[in-house]
Structures are given as structure tokens and as C-alpha cells.
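Dear colleague,

Please find the structure below, together with its sequence. My notes on it follow.

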Amino acid sequence: MVTEIQSKNLDDISFKEAGIYENTRFEKIHNVVYDNSGDASILIAQEIASIIKLKQKENTNCILGLATGSSPIKVYEELIRLHKTQGLSFKNVITFNLDEYYPIAKSDLQSYFHFMHEYLFKHIDILPENINIPHGDISPDNILETCIAYENKIKEHGGLDFQLLGIGRTGHIGFNEPGSHSNSRTRLITLDHITKTDAAPAFLGLENVPTRAITMGIRTVMEAKRIILMAWGENKAEVIKKTVEGEISSQVPATYLQHHKNTTFVIDKGAASLLTQYNTPWLVRSFDWSEELMAKAILWLCEVTSKSILRLTDKDYNDHGMESLLAKEGNAYTLNIKMFNRLQHTITGWPGGKPNADDTSRPEREIPKKKRVIVFSPHPDDDVISMGGTIDRLVEQGHEVHIAYQTSGNIAVSNREALKFAEVSLAMGVRDDNFRNITQIIKQSNTGEFNTPELLTLKGVIRQKESLGATRYLGIPDGQVHFLNMPFYETGRAKKNALGEKDVQIVCDLIAKIKPHQIYAAGDLADPHGTHKVCLDALFIAIEKMKTNTFMKDCWVWLYRGAWHEWGIHEIDMAVPMSPDQVIKKRKAIFFHQSQKDGVMFQGDDAREFWVRAEERNKDTALKYSQLGLADYAAIEAFKRYDF
Ligand code: F6R
């Protein structure tokens, strides 16, 4: 739902109570929740534009505090659009950026100086002398003095009229990391480990991320007349909950904003998902119980009471805000049985359908007995990491399983790994100048990770061959393994291109060729670099385009989640159990992806190897099922059906 903002005067510019619901007693900061970050970003840009115009009318300057990172990109795009199509001028705008890495050169692609010019300044008519960004290239002796000058300059301009903020998973605003004092001013700080891991992809590896930064202080930010903080996606849900509902603490510096009188958090559904009113709405208000919410509530009740489903009593329901559900269904017994059966029916050892069995309460159809299946895997390894056990069952049960690797995954191979293969080829007498060049430049370079076209090709081939090792091990013929190399990914950098028609066409072509009865895809929206989300978008657009084809009427789509998260139990439509032997088989299949083992480049903040994450996750799902009173399996892979 999108609501227009009301702009009156500068002290009173605020988002109308918008978003999905009004704030509740749990929330200590005004927040509005939107279906998607695109609509929300447009509204933020409009608010900024109205402040600029108001100041123009008053013949004064507009002092804006700006942020970098992934969150504000769409806001800047909209500001550029307003400038280009509606004549919004930035001539009266003076900007102060929140922060900059230290040390870093302005010309560095990762510098915030570069970011701001690339994403905003070079597209608008702001005067260069009105742009202020902390300097990442000054000598250590000058830092203190420059920081004081930065503060003074903001003050001389009468303080910030508006401050745009993102939020880090540590709870940082600007780079005010945990421990920052409420009185802090612009200064040099040390980056938190989590912040560095989040920045690692942009720097092609954790070891290249600067350890320090210069940031505006908490006090500086708090003195802004108006603040909007944006947060998009489930990765931010935990820190948003702590910030909005938790106690004020230097350990989550964004909580200081609870004391700011004119702050709005503009967030999407993913970032809002752990706020009490969305996560456990039965504790907050009454509503019509949907099937999914009922399941979520009952499973939550099992968790808080430490009981299995069939042991829940009327009193449990009444004591935990679920009296309306109890009243609707009559008694705990009926509710419990309903829930138990629902979960029981998600379990199947026959992910492609069980031949000659009644399928009325099974997750998959029996017919056709032999199904054509496409498993879409965003990177070459997500297939086995996320559903290696299910692939094994599908193959063993006689289905025609195709694996489609959507991207080459080339940038996730380290130069050290590439060098090994180039040297082996040379040692084996392969006469190829490319290999000679590769070995030379890697050995000579001391700049950490970098890429050249030849290097990227080699890295892509390494991942292809590793993948074939795994698919052969699982019994899939090479002809059924497809490397789609979607072009959006091929930038050689963590930052990818936007999804294009070519990408979608490649997916459409494969679907048209195979005419699958089942499609599996990664529904993981929490992938740190967003590649899974783009791959899923490509698939959804392709399905939308193709859904009128007759064969698509017979195609069911199942979503697994990637390496980072698992579906909530209430979201699972199909749970495929694994025996202890299958767990080992899956582990061995993952082992074929050697370049992604032992200190992978894009590890995220989870230090576990991918196979360990996968095993622990599958074991955990099985444990949850057994704790709920269902059968006790070694491991379970989970899927959610996507209706189109
Ligand atoms: C950037 C900044 C940081 C980011 C935060 C979120 O100037 O000050 O606080 O806003 O790290 O980053 P993204 O938006 O990339 O998730």
C-alpha cells in the first residue's frame, strides 16, 4: 500500500500514517511499512524534493545529510528523475555525507566519494563546492582537525535540515558502530567485523576492506531537524526490531533515534517482519485468521510453551493472545488435530509424487509418473547445498532431472584457486598464452583479488567442472546440466547489472525446451549480494510470459531457500526427509565444489563451510518437526509451493 506524503512546512513534514498498520505500543519509533522498497524510495525522494523547494521559496539553502550503501540507491534514482523530468534544481542544496572509509583514495571504486558522484552528483545540477564528504585520503595527523572543521561547517550552515540514514546489521547509523556514545561527533572509528563482512563483496574479499572510517557522530545526526531511516529486506529485520522495540543502548546505536522527535523509519515488509505486530500479530490486535497465520501462531505457541502440537490446551491458547482463534474453532483438540494433519501432509519421501498412491493429501501429484524436472540454481552449488537430498531422491525415483546453473559464479573463485588450475595446465604442456598471462599477473600482483577477462573465463570453467563432478555423482547425465551464464552477472565485480531481456529469454528458452512438470528454484531473498533475488525475478518473469502455454498448466513450481535461511515451519508445503546415508551423500556432492571450500571469498558473516550450514539447517528442520510431535528424521529439506 502506498500513501502520499503531506508536506506542510519544514517542521511538520512527515509521512502520513501510512504503510500497513498503525504503530503499536511495542514500537518506540514512528515507522511506515511498504510492500516494496521502490514505492517507499519514491516517497522519500518526494519528501526531500519538497524540502528543497520550500527552501527555494524562502531563498535559503537546503542542508542535506546523505548516506551511501545499497539502501538509498533508488531514492537517488528518483531524485535524478525529478531533476531531469520535472526540473528539480539542486543549486540551493548543500550536502554533507555521513561517512567515508579510511584510508581510501577518491578515485577508488569503493570510496563513498566515487559512490556519491556515480549515483547522484554527476546527474544533477548541484554546485561542486556544495558537496561535502569526509576525506578518506588525508594524513593521520590531519584527521582531528578535519573532523572538527566538518562539524563546524555543518553548524555554520545552521545544521542539517534533513538526514537520510541506512542502518547496518550492527545497528550502526553512519559508521557509528556499537559502543558509540550519544554525544559523539565526527571522528575516526574502527569498523565492526559484521560491517566489514557486509562490505567484503564490494572489495572482493574481507582482507581488502579498510578497517577504519571517518563518520559523523551520533550527536551530529541527532541534531538534524528531520531524519528518515530506510531499511530493506529480511537481513535487516533483526536490527530493526532491536532498534524500534528495544531499550536504548550504545550496543545498538540506532536506538538513540528513539529520542529524536522527527524521525520516521521507512521500511519494507522484509525489514518489518520481526516487529511484534507483524511477527506475532495475535499479541497486538484482532483479525481474521488465515490458514497460514493460524499455522504460524500454533507453531509459535508450541515454541513458547515447549509443547508438541497435540499437547496444547485451551488454557495455552487463551493465555497467549489466541482466544479468538480458540473461540472460532471451538476447542484446542480440533485446532491441534487440524494443525498436526496439515504438517503431517507436508512430509513425503516422494518429491516427484508417489506412483500408484492416493495423492489427495500428498504435496505432489502422482501423474505423470516420470516427471521432467528443472532445478534452477543461482550459483553453481546452490542446487546441492539447498536440495541435494531431494535431487538424489528425484533421480533415484526415475525422474528426468535437469540442473540449470543461472550464473557462472566466476567472481567467487579466488585468484589463488585460479592460479592452481592455470599452473596445472601449463605443467601438463597446454600451450595457451592465456594461462601464461594468468600465472604471470597473479604472481606479480600484490593488490589482492582482481579480475581480467581471461581470469574470469578460467574461474567460470572451474565452477562448471566442479558442478559436473557433483551432478555426475548424483547420477545426472551431462546433457541434462545447463550453464545459462546469465549476462546480468557478468560484470567481474560484486555489483551486477540490472536484469535484462536477454537474461529472461535464456530462462524462457530452457523452460520451452524441457517443458518441465516441476521447477525448483531458490526463493532466498536474503542473499547478501542479491544474485538469488535477481535469478528468482528472472524466473518469475519467464513464468509469467510463458504461463499460457499448455505445458505450463501441468508445471508446479517449488521454492527452496538458499544457503542462508530456511522457510519457517508454517511456510513449508513439502518436507523431504533424508536418511543418515543421504545426509552423507549430500555432503559429498557439496564437496565437489572445491573452490567454495576452506575460506570462500563471499562467506558472509557465517564462518561455517557451506556443507556444515546445509547439514545443520536440515537437521534443525527435522528436529523442529519431531519436537512438534511428528516423525523423527535425521534431516529434512523444505520447499514452498509458488502458485502462478
Ligand atoms: C553509509 C552508512 C551506513 C549504511 C549502512 C547500511 O553511508 O553510513 O550506515 O547506511 O551500513 O548499508 P546498506 O544500505 O548497504 O545496507
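How far is an oxygen atom of the ligand from an N or O atom in the side chain of Ser-71? The separation is 2.5 Å, which falls under the definition of a polar contact used here (a pair of N or O atoms within 3.5 Å; within protein, one must be able to donate a hydrogen and the other to accept it, and residues adjacent in sequence count only if both atoms are side-chain atoms).

Please note that this is a predicted model, in which local features need pLDDT of at least 70 and side-chain atom pairs count only at pLDDT 80 or more, while totals for chains, interfaces and linings use all residues. Residues are numbered from 1 along each chain as its sequence is written, and side-chain values use heavy atoms, with hydrogens and water left out.

In total, 14 residues surround the ligand, each with a heavy atom within 4 Å of it. The closest are Ser-71, Asp-99, His-172, Gly-174 and Lys-236. This shell divides into four nonpolar, eight polar and two charged residues, where Ala, Val, Leu, Ile, Met, Phe, Trp, Tyr, Cys and Pro count as nonpolar, Asp, Glu, Lys and Arg as charged, and the others, Gly among them, as polar.

Domains

The protein is divided into domain 1 (28–277), domain 2 (289–344), domain 3 (372–412 + 459–642) and domain 4 (415–448), with bounds from an automatic or database domain assignment. The centres of domain 1 and domain 4, taken over C-alpha atoms, are separated by 42 Å.

Backbone features

Most residues other than glycine have a negative phi, and most peptide bonds are trans. The peptide bond from Tyr-102 to Pro-103, however, is cis, with omega near -10°. Pro-103 is found in the loop between strand 4 (99–102) and helix 3 (112–119); helices (H or I, at least four residues) and strands (E, at least two) are DSSP runs, numbered from the N terminus. A cis peptide bond also joins Ile-367 and Pro-368, with omega about -10°. Pro-368 is placed in the loop between helix 13 (332–344) and strand 11 (372–377). Asn-356 lies in the loop between helix 13 and strand 11, and its phi is positive, near 55°.

With kind regards
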